[in-house]
2 protein chains.
Amino acid sequence: MHPSEVNLVEVGPRDGLQNESVLVGTDDKVAYIAALADAGLARIEAVSFVHPRLVPQMADAEQVMARVPRRDGLSYIGLIVNERGLERALDSGVDEVNVTVVATETFSQRNQGMTIAGALDSFAAISARAHAAGLGVTATVGASFGCPFEGEVSPDHVAAMVRRCAEAGADEIALADTIGVGVPADVRRLVEAVRAVTDLPLRFHFHNTRNTGYANALAAVEAGASALDASSGGIGGCPFAPAATGNIATEDLAYALRRSRIRTGVDLRQLTVAAAFIGERLGAPLPALLGRAGDFPS
Amino acid sequence: MHPSEVNLVEVGPRDGLQNESVLVGTDDKVAYIAALADAGLARIEAVSFVHPRLVPQMADAEQVMARVPRRDGLSYIGLIVNERGLERALDSGVDEVNVTVVATETFSQRNQGMTIAGALDSFAAISARAHAAGLGVTATVGASFGCPFEGEVSPDHVAAMVRRCAEAGADEIALADTIGVGVPADVRRLVEAVRAVTDLPLRFHFHNTRNTGYANALAAVEAGASALDASSGGIGGCPFAPAATGNIATEDLAYALRRSRIRTGVDLRQLTVAAAFIGERLGAPLPALLGRAGDFPS
């Protein structure tokens with residue numbers, strides 16, 4: 001099957017910025033998000049509602065959401081990990097919530113302070129309340145391709161968690177390679193396992209930690225993914241940091257998709273403008289390559 | 001078809017070093033090549049025989065070849081572009097020559113000072129003499145995926161050049177994405193076009209200029225490539241240079257292949273040691289990510 005289109009979910013303002021040490025002001029965040037919307041991105045994960053002590057970069061989530069441009073067909077996503085986050089998300093006027101559960105017990109307890117069973121119960125409660133308020137609900141299964149503490153993660157185990165999330169009312173399932181260890185063969189295996197338990201739209205979240213992120217993204221589209229996360233500029237992980245954990249870059253992914261004749265609806269030139277804007281604010285070279293190498297044909 | 005193995009051709013000592021501005025001494029080149037051989041790489045493109053005025057880094061090609069370790073099953077390749085290069089290659093004791101022709105008229109004349117027709121005639125003459133001397137002969141078609149001067153390159157045009165090289169006696173065909181513009185769909189199209197004219201073993205040379213290199217390499221293996229070029233550390237292009245043109249990194253590629261259950265015969269840990277050695281000599285961070293991120297499972 002050759003897919004003809006895929007939706008790009010821009011996560012630079014959330015997963016990108018929250019992993020950068022330079023604090024970006026509210027004005028600049030709003031301008032960055034506006035530039036991303038101007039590039040044609042229809043879904044933007046703009047903020048996360050987590051405790052500001054844990055993620056200082058997201059302390060102004062409400063102020064950002066109060067000022068982002070609104071238009072038809074443009075959907076803002078807030079990431080949450082618990083019901084307190086949901087309260088803030090509902091108050092702030094996001095269109096969708098992305099709720100993270102984690103595939104392994106150790107990572108779940110360290111990252112979320114919850115067992116897997118507790119996180120799935122929490123997801124069910126959040127999903128019901130969010131739907132009642134008219135919000136879209138995505139369940140992201142973190143560490144779906146491997147865990148920094150427990151190592152290999154079985155596709156059948158991930159599929160079992162996905163089934164629980166689907167039964168609890170998720171509108172979309174996102175599978176995250178949180179530590180960037182997967183390869184295309186893993187993507188295909190995971191899609192097969194998950195497709196055995198649900199027909200929900202599949203979204204993928206890849207990091208390029210070991211240079212497999214773009215190959216995985218293209219494999220996911222070929223395997224039937226309807227949406228891919230990416231971060232403009234590839235922000236969220238410096239290529240020279242001890243353990244680079246950057247997201248795949250929206251503009252590099254959009255380039256690869258356009259040359260693969262898969263529509264994304266985004267404007268590549270405007271995307272590199274948005275990436276350059278946030279790169280200047282962060283004061284660091286961007287991991288993305290397209291802005292340096294240029295489009296082709298030029 | 002799921003391939004079970006692929007050969008990695010290490011091009012760090014040649015394509016990697018010749019694009020680095022820091023001149024590396026003969027002792028260090030020999031030690032680097034020895035470390036690569038110790039990592040299990042069976043084919044190493046160790047030198048190029050081009051005019052030292054054009055590529056100062058390769059001025060000591062003969063001295064390097066006189067001192068590299070020799071063992072059964074280890075083959076050294078010298079890159080050449082003309083018959084003068086062949087003389088030097090024959091005198092220096094390489095096991096194979098890699099002869100470059102370029103897919104577009106403008107690039108061929110600028111890069112090689114020859115028309116395409118002239119380069120194909122030259123290839124035929126070189127091939128005959130190299131075979132008479134017992135050397136293996138690879139024809140590399142540069143700019144097979146796109147040209148910086150002429151833009152799009154047609155797979156049928158590349159296939160026509162490949163047929164000429166096959167008729168002239170090439171033992172192997174290498175298809176090079178010299179400027180790093182291709183995507184996996186291009187790889188599959190090109191393999192299909194080339195397979196219509198020859199059954200020779202196919203080798204691919206990818207640059208990661210726009211973050212598509214690893215996806216292309218995996219797609220090439222799935223399409224039936226028998227060999228892939230890669231450069232340990234990803235040397236030959238700085239990620240922060242104005243136009244990054246680095247090779248895909250041998251260790252990152254070997255990681256992706258191992259997790260895809262495709263055998264390469266290389267030792268990942270020893271590969272990162274070799275990469276770290278040359279990285280220190282170059283005094284710059286390496287584009288490769290595995291050395292920073294670590295293996296998985298760890």
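In helix 11 of chain B, the buried residues are B:Leu268, B:Gln270, B:Leu271, B:Ala274, B:Ala275, B:Ile278, B:Gly279 and B:Leu282, as seen in a model that is predicted. The cover over these buried residues includes helix 1 (12-18), helix 2 (26-38), helix 10 (250-259) and helix 12 (290-293) of chain B. At 1.5 Å a residue, the 15 residues of helix 11 (residues 268-282) should span 21 Å, which agrees with the 21 Å that separates its end C-alpha atoms. At the start of this helix, a side-chain oxygen of B:Asp267 comes to within 2.9 Å of the backbone nitrogen of B:Arg269, while just after the helix B:Gly283 adopts a positive phi of about 65°.

Most residues other than glycine have a negative phi, and most peptide bonds are trans. The table lists backbone exceptions in both chains.

| Site | Backbone feature | Location |
|---|---|---|
| A:Arg261 | positive phi of about 60° | loop between helix 10 (250-259) and helix 11 (268-282) of chain A |
| B:Asn211 | positive phi of about 65° | loop between strand 7 (202-206) and helix 9 (213-222) of chain B |
| A:Phe296 to A:Pro297 | cis, omega near -10° | A:Pro297 in the segment after helix 12 (290-293) of chain A |
| B:Phe296 to B:Pro297 | cis, omega about -10° | B:Pro297 in the segment after helix 12 of chain B |

A:Arg261 is exposed, with a relative accessible area of 61%, whereas B:Asn211 is buried, with a relative accessible area of 9%.

Chain A can be superposed on chain B with an RMSD of 0.0 Å by a turn of 180° and a shift of 0.0 Å along the axis, and that is the relation of a two-fold axis. The same surface serves both copies, as 100% of the contact residues of chain A recur in chain B. Within chain A, the residue that comes closest to the rotation axis is A:Ala215, at 2.0 Å (C-alpha).

Definitions and conventions
Residues are numbered from 1 along each chain as its sequence is written. Chains are lettered from A and ligands numbered from 1 in the order in which they are written. This is a predicted model: local features need pLDDT of at least 70, side-chain atom pairs count only at pLDDT 80 or more; totals for chains, interfaces and linings use all residues. Side-chain values use heavy atoms; hydrogens and water are left out. Helices (H or I, at least four residues) and strands (E, at least two) are DSSP runs, numbered from the N terminus. The expected span of a helix is 1.5 Å times one less than its number of residues. Buried means under 20% relative accessible area, exposed over 50%, partly exposed in between (1.4 Å probe, protein chains only). Contact means heavy atoms within 4.5 Å. A polar contact is a pair of N or O atoms within 3.5 Å; within protein, one must be able to donate a hydrogen and the other to accept it, and residues adjacent in sequence count only if both atoms are side-chain atoms. Copies are superposed by least squares on the C-alpha atoms of residues with pLDDT of at least 70 in both.
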